[in-house]
Amino acid sequence: MMTELLSPAGDFDCLRAAVRSGADAVYVGGKDFSARKGAKNFSAEELSEAAAYCHERGVKLYIAINTLVKSCELSAAEDAVKTAARSGVDGLIIQDLAVMEVAGRLCPELPIHASTQLTAHSAEDVAALMEMGFSRVVLSRELSEAEISRIYSETGCEIEAFVHGALCVCFSGRCLMSSFIGGRSGNRGCCAQPCRQLYGAEGGKGYFLSPRDLSLAHRIDAMKKAGVCSFKIEGRMKSPEYVAVVTSVYRKAIDGLPLSRQDEEDLRSIFSRGGEFTEAYFSGINTPEMMNYNISNDNISRAAPKELITRAQSLYNKERQSVGVSMELRCREGENISLTVSDGKHSVQAEGPQPQRAENAPLTAEKAEERLSKTGGTPYYVAEFKANIGACLFLPAAELNALRRECFEQLGELRRQPPERKINGFKFEFKEKSAPQKQRLFAEITFPEQLEAAKNADKVIVPLALFDKIEFKENYAAILPQIILDRDTVKQRLSRLPKGAEVYSSSLGGLRLIAEAGLTPVGDYGLNVFNPVSAEILAEEASRLTLSPELNLKEIIEIGAKASVPLEILAYGRQRVMVSRACIVRGVRGRCDCASPLTLRDKTGAEFTVLGDRGTHLNTVLNSRPTFMADKLSQLRRTGADLRLCFTTETADEISDIVQKYRTGGEPEGEFTRGYYFK
């Protein structure tokens, strides 16, 4: 299995640091559609230059086009894919399925990798992505060694996994907290990191949502055995010194060399939250061991020692001889001398003058090899040398140097050339739109005591686990957990539902499990449907789709005008802004007490309810204010989408009242938000 060390680069200095410190591949972002919008990122010209630089040195370059794309941005996303293809990059890292479709049609020979923003956390997720055309999947960071191993053994997919750097407390792709409290969407590359802020809870204060940084430097062999082939370092917002230090240490680890105490201290000193790392989920660690409860985000690492900075700069201020070449020198009397250099793919030749007769120190093969092997300042080293040298001949060292220099210039030019790729033209054709339906009202509940109060909705959406205790009725639908950690239990519960019953899923793998059980899949909002192209792709997997809650009314209407599948929007509720495998409840209370909700209070006084699951210990953070639109029903009707009311902490009386308000119209009570509807 191929092994790749994949390093980050937010600008060209960082890219140079990664390459010269031992990276096998580098990932960057463009000026648009990058999940690290705050990095400098690369223009079209810089991207071409970066690809040429990497390829001359035997390093691959990937570009992340990994944000969600609005309908009005599809043309720009197409241009971004064309630019990447022409630049010579070796792959695209993608979140939005529309970009996947665009890339596959424009340039099918360009590999596409599924971003961790796609929240692939099961074998079913990975298998679905592979069938869609992804050649590699970046798994969710929340997976254990055993879970990764199972995914690889069941799919054989090329797996990329994070090995070092910052951890999100929420599953990537599912975090809406920054988006809903400040309008800065993580899915659009603008996360404001509310997880790193101080919160109050039950009489105490702490950084209850802030994990330590990840370091799996001592688990490389285990990761290889589990099926990981690409070891990814986080850090497109970090300095060249950070990139150099971390890349060099992981180069040693991946090559099987023992790490010294100095290596470990270098990793901590160059950047670490709180000065200590965590192996987190890979080693089965959960809260509180992986969290930084007492470390402010404004003081996350002591300043790196000047000595370390100097050593880091020395790593990337000189070329790394990483490309082995073969050389063959021909030096015969009466002939022009010639040097042939080959990298195994390209072969170049340079000629010089005829050799002179030697008076006292004839040129030998050993002397020629010694001189020609002085490749400092270039990315090349001589792996094989042959010479055909006549007797008693002399050649000045300057002539040999000139031959080597000319050959390396020719070889470099060839290696820097982007591959010839055909860019196809296409226009996405939408299917015939389904006949419009009367707008329906759905009520999603969280607890069984809410069921009776929601009965006046057209359909009641019930968590799958509750059907262990209640009977499935005709106007019910089931909903899977956002994150499926226990596949066997989910399959067993699905098997007990009546054939054809509707079941919601926020994951591609969940849609598969639903269909395999003979049930009707419905796409939930965690699928991040953001444009009509992704809607049409998912229409192949689901009978109805719930649109992303980060869309406004105009954008919803635009998707509805083209989508061939019925749509649904979240019209009421405390938006689930985080789903975390870190047990936030345990972090606050010191014990796993997921049965009892927890309240986090931020510096503004806003209160966020945390709901825990006793079985999986998954924690869900709710927005501090419910989205309310019952007084704007005429605007909602224009979308043509069904309305879903999401009930979490509401009492039975509140639920009855809200359902009635969404039937006839009604004014809000207390604090509320319009979400993104009027943005």
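Student: Why does Glu502 count as buried?

Tutor: This is a predicted model, in which local features need pLDDT of at least 70, side-chain atom pairs count only at pLDDT 80 or more, and totals for chains, interfaces and linings use all residues. Residues are numbered from 1 along each chain as its sequence is written, and side-chain values use heavy atoms, with hydrogens and water left out. Buried means under 20% relative accessible area, exposed over 50%, and partly exposed in between (1.4 Å probe, protein chains only). Glu502 has 16% relative accessibility, so Glu502 counts as buried.

Student: Which residues is Glu502 in contact with, leaving aside its neighbours within four places in sequence?

Tutor: Contact means heavy atoms within 4.5 Å. Glu502 is in contact with Lys459, Ala477, Ala478, Thr520, Val522, Ser543 and Arg544. Glu502 itself is found in strand S22, residues 502–505; strands (E, at least two residues) and helices (H or I, at least four) are DSSP runs, numbered from the N terminus.

Student: What makes Thr649 partly exposed?

Tutor: The relative accessibility of Thr649 is 36%, so Thr649 counts as partly exposed. Its place is in the loop between strand S30 (642–646) and helix H20 (652–664). Not counting residues up to four places away in sequence, Thr649 touches Gln450, Arg574, Thr609, Leu622 and Glu654.

Student: At what angle do helices H12 and H13 pack, and why is H12 called oblique to H13?

Tutor: H12 (residues 365–372) and H13 (residues 397–416) pack at an angle of about 55°, with their axes 10 Å apart. That angle makes H12 oblique to H13. Angles under 35 degrees count as roughly parallel, over 145 as roughly antiparallel, 65 to 115 as roughly perpendicular and the rest as oblique. Axes are lines fitted to C-alpha atoms, for helices over the stretch in contact, and angles run from 0 to 180 degrees between N-to-C directions.

Student: Which residues make the contact between H12 and H13?

Tutor: H12 contributes Ala368, Arg371 and Leu372, and H13 contributes Ala397, Leu400, Asn401 and Arg404.

Student: How do you know that the buried residues of H6 are on the same side?

Tutor: The buried residues of H6 (residues 145–155) are Glu147, Ile148, Ile151 and Thr155. They cover an arc of only 100° around the axis, which puts them on the same side of H6. The arc is that of the directions from the helix axis to the C-beta atoms. The face turned away from the buried side of H6 carries the exposed residues Ala146 and Ser153.

Student: What covers the buried residues of H6?

Tutor: The cover includes helix H5 (123–132), strand S7 (158–165), helix H8 (220–226) and strand S11 (228–233).
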